[in-house]
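The sequence and coordinates are displayed first, and the description comes after them.

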Amino acid sequence: MGYNSCFDIIGPIMVGPSSSHTAGAVWIGRAVFELLGEAPDRVEITLYDSFAETYQGHGTDKALLGGLLGFDTEDVRIKHAYDHAEEINLIHTFILEESCPEFNHPNVAIIKAEKGNKILEVGGASVGGGLSQIFRINNIKVEFTISTNEDLKKVVKYKNA
Amino acid sequence: MDIQSTRDLLDYCQRENKSIAEAMIDQEHFKSGKPKQEIFDMMKERLEKMQRAVNEGLEDASEAPSGISGGDAVKMRAYIDAGDVLSGSIISDAMACSMATSESNARMGVIVATPTAGAAGILPGVLFSLHKNTDLDLDKLVMGLFTASMLGYIIANRSFISGAAGGCQAEVGSATAMAAGTIVELKGGSPQQAVHATAMAMKSLLGLVCDPVAGLVEVPCIKRNVIGTSIAFSAADMALASIESRIPCDEVIDTMYDIGKNMPRALRETALGGLAITPTGKQVKERLFSKTKLVKQLKGENSDESQNNDNGIKTASGVIPDRE
């Protein structure tokens with residue numbers, strides 16, 4: 001479902017170890033970064049189902065933080081995302097849940113972010129092969145996918161949502 | 001133009017007298033509006049990254065942070081260099097290149113997802129072995145990536161390519177099936193033969209569960225990538241011998257979807273079943289995660305201190321509640 005390009009299949013170029021649990025997670029964090037135009041001050045990230053069960057082994061937490069810091073999927077700094085988050089005082093909390101009631105997929109993350117007085121909430125599912133589907137921005141139901149830097153333009157459209 | 005089945009694909013190839021790789025480039029050009037040369041160059045960049053991961057992985061004997069993988073690609077290469085390999089140079093080189101890539105992936109090195117990172121070893125393994133052992137140059141390998149992506153595109157849109165959604169059959173199964181068809185086309189086989197190879201490779205991996213130890217993309221993922229290359233060559237050789245899959249490729253892909261839908265959650269990348277819950281698998285998980293928890297705890301303590309600091313400096317606090 002939703003694969004549009006040969007580069008959705010051969011790609012992304014990424015740091016390991018998992019396209020769905022690492023690269024896809026970078027895109028969900030990155031969507032928040034693009035909407036804010038910069039890294040947030042504080043985030044609360046809820047991981048569901050397979051994300052919650054295996055985030056440690058897959059570096060899903062590091063990948064989401066990397067995305068929130070504006071990193072690309074192939075940025076080797078993702079490996080040390082906690083240190084980079086600390087450098088800019090990005091406060092982060094992870095919450096682990098079972099299946100997501102809002103979106104039927106095992107790899108879902110919902111990010112609540114704050115930057116100054118701006119509050120933002122983004123829901124995304126990493127559906128496989130490094131392709132992520134954003135399904136909600138604040139209270140607006142959306143439906144678009146991100147698997148390349150070019151796709152990030154789709155996010156920016158919702159900047160005033 | 002949007003090819004959604006191998007039936008559509010073969011019709012297109014026949015009508016336009018094109019290869020599968022050319023069909024993919026046509027479709028990408030049609031859908032994205034990008035010039036064909038730009039599309040080719042983008043794919044070439046991916047091939048170059050794959051080559052780098054292979055080369056680095058073949059030299060790197062270090063362990064992954066988990067301590068449960070790493071060093072095997074170097075062992076495989078030494079064994080090949082000793083000159084008495086049972087499976088011949090094409091397959092053994094593919095095994096070494098595949099292992100090198102998957103080990104790099106486990107170290108959080110840079111790889112190319114093909115179609116996923118968990119299955120990222122198979123295509124580079126097959127391609128760089130063909131490059132070393134036959135006269136296929138890098139540009140031909142780029143065309144091979146277009147063949148692979150067309151086959152993967154059909155699989156991904158009809159079924160799935162992630163272990164969490166459909167088990168390992170969707171990852172290593174899909175990658176092996178894509179690689180089998182790619183080998184056939186690179187060896188000059190027809191689109192029909194490539195599609196038969198795809199079907200035969202996928203059939204042999206139907207039902208394979210995703211059961212990574214401690215949720216890491218290492219055990220058994222790395223070795224499944226390595227062995228996937230052998231299956232890809234076997235399926236390709238059968239197809240090139242004009243052996244056909246008795247079940248059409250589209251039906252095999254749809255079967256993969258049905259099986260994945262019926263697969264218990266414990267066997268879909270949750271690390272709650274299969275090899276992940278063997279006594280050894282559980283021990284690994286315990287050892288690794290007790291270590292992580294300790295680090296988190298220490299971090300939390302530090303940040304509490306600094307939050308109480310009069311300067312009001314807040315440091316990051318990674319609070320991860322214990323689920324047990």
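The sections below treat a helix, a glutamate, salt bridges and a cavity in turn.

The model is a predicted one, and its local features are reported only where pLDDT is at least 70.

**Helix α10 of chain B**

Helix α10 of chain B runs over residues 191–203, a total of 13 residues. From the first C-alpha to the last, this helix reaches 18 Å, which is close to the 18 Å expected at 1.5 Å a residue. Eleven of the 13 residues of α10(B) are buried, and the helix is therefore largely enclosed by the rest of the structure. Among the buried residues of α10(B) are B:Pro191, B:Gln193, B:His196, B:Thr198 and B:Met200. B:Ala194, B:Val195, B:Ala197, B:Ala199, B:Ala201 and B:Met202 are buried as well. The cover over these buried residues includes α1 (6–16), α2 (20–32) and α7 (138–158) of chain B. It also includes α9 (168–186), α11 (221–240) and α12 (249–262) of chain B.

B:Glu103 lies in helix α5 of chain B, which spans residues 88–106. Its relative accessibility is 1%, so B:Glu103 counts as buried, the cut-off being under 20%. The side chain of B:Glu103 comes to 3.3 Å from the backbone nitrogen of B:Ala73. With residues up to four places away in sequence left out, B:Glu103 touches B:Asp60, B:Gly70, B:Gly71, B:Asp72, B:Ala73 and B:Ile222.

**Salt bridges**

Over all chains, the count comes to 26 salt bridges.

| Salt bridge | N to O distance | Relative accessibility of each partner |
| B:Arg7 and B:Asp11 | 3.3 Å | B:Arg7 49%, B:Asp11 34% |
| B:Arg15 and B:Glu16 | 3.8 Å | B:Arg15 59%, B:Glu16 38% |
| B:Arg158 and B:Asp254 | 2.9 Å | B:Arg158 26%, B:Asp254 27% |

B:Arg7 and B:Asp11 are four residues apart in helix α1 of chain B, and therefore about one helical turn separates them. An α-helix has 3.6 residues a turn, so residues three or four places apart point the same way. B:Arg7 counts as partly exposed, and B:Asp11 is likewise partly exposed.

In the pair formed by B:Arg15 and B:Glu16, B:Arg15 is exposed because its relative accessible area is 59%, and an exposed residue is one over 50%. B:Glu16, with 38%, is partly exposed.

The side chains of B:Arg158 and B:Asp254 meet in a salt bridge at 2.9 Å. This pair links distant parts of the chain, since B:Arg158 is in helix α7 of chain B and B:Asp254 in helix α12 of chain B, 96 residues apart. B:Arg158 is partly exposed, as is B:Asp254. In chain A, salt bridges that share partners join A:Arg30, A:Glu34 and A:Asp72 into one network.

**The cavity**

Rolling a probe the size of a water molecule over the atoms shows where empty space is left. The structure holds one cavity of 30 Å³ or more. The space in the largest cavity is about 150 Å³. It is lined by 18 residues, of which B:Gly118, B:Glu171, B:Cys210, B:Val217 and B:Cys221 are the closest to its centre. The elements that give two or more residues to this lining are α2 (19–36) of chain A and α9 and α11 of chain B. The most is given by α9(B), with three residues.

Technical notes:
Residues numbered from 1 in each chain as written. Chains lettered and ligands numbered in written order. Predicted model: local features only at pLDDT ≥ 70, side-chain atom pairs only at ≥ 80, totals over all residues. Heavy atoms only, no water. Expected span 1.5 Å × (residues − 1). Buried < 20%, exposed > 50% of the residue type's maximum accessible area, 1.4 Å probe, protein only. Contact = heavy atoms within 4.5 Å. Polar contact = N/O pair within 3.5 Å; in protein donor to acceptor, adjacent residues only side chain to side chain. Salt bridge = Lys/Arg side-chain N within 4 Å of Asp/Glu carboxyl O. 1 Å grid on protein atoms, 1.4 Å probe; cavity = no way out; pocket = protein on both sides within 12 Å on 5 of 7 lines; lining within 4 Å. Points joined across faces, edges and corners; volume = space filled by probe spheres on them.
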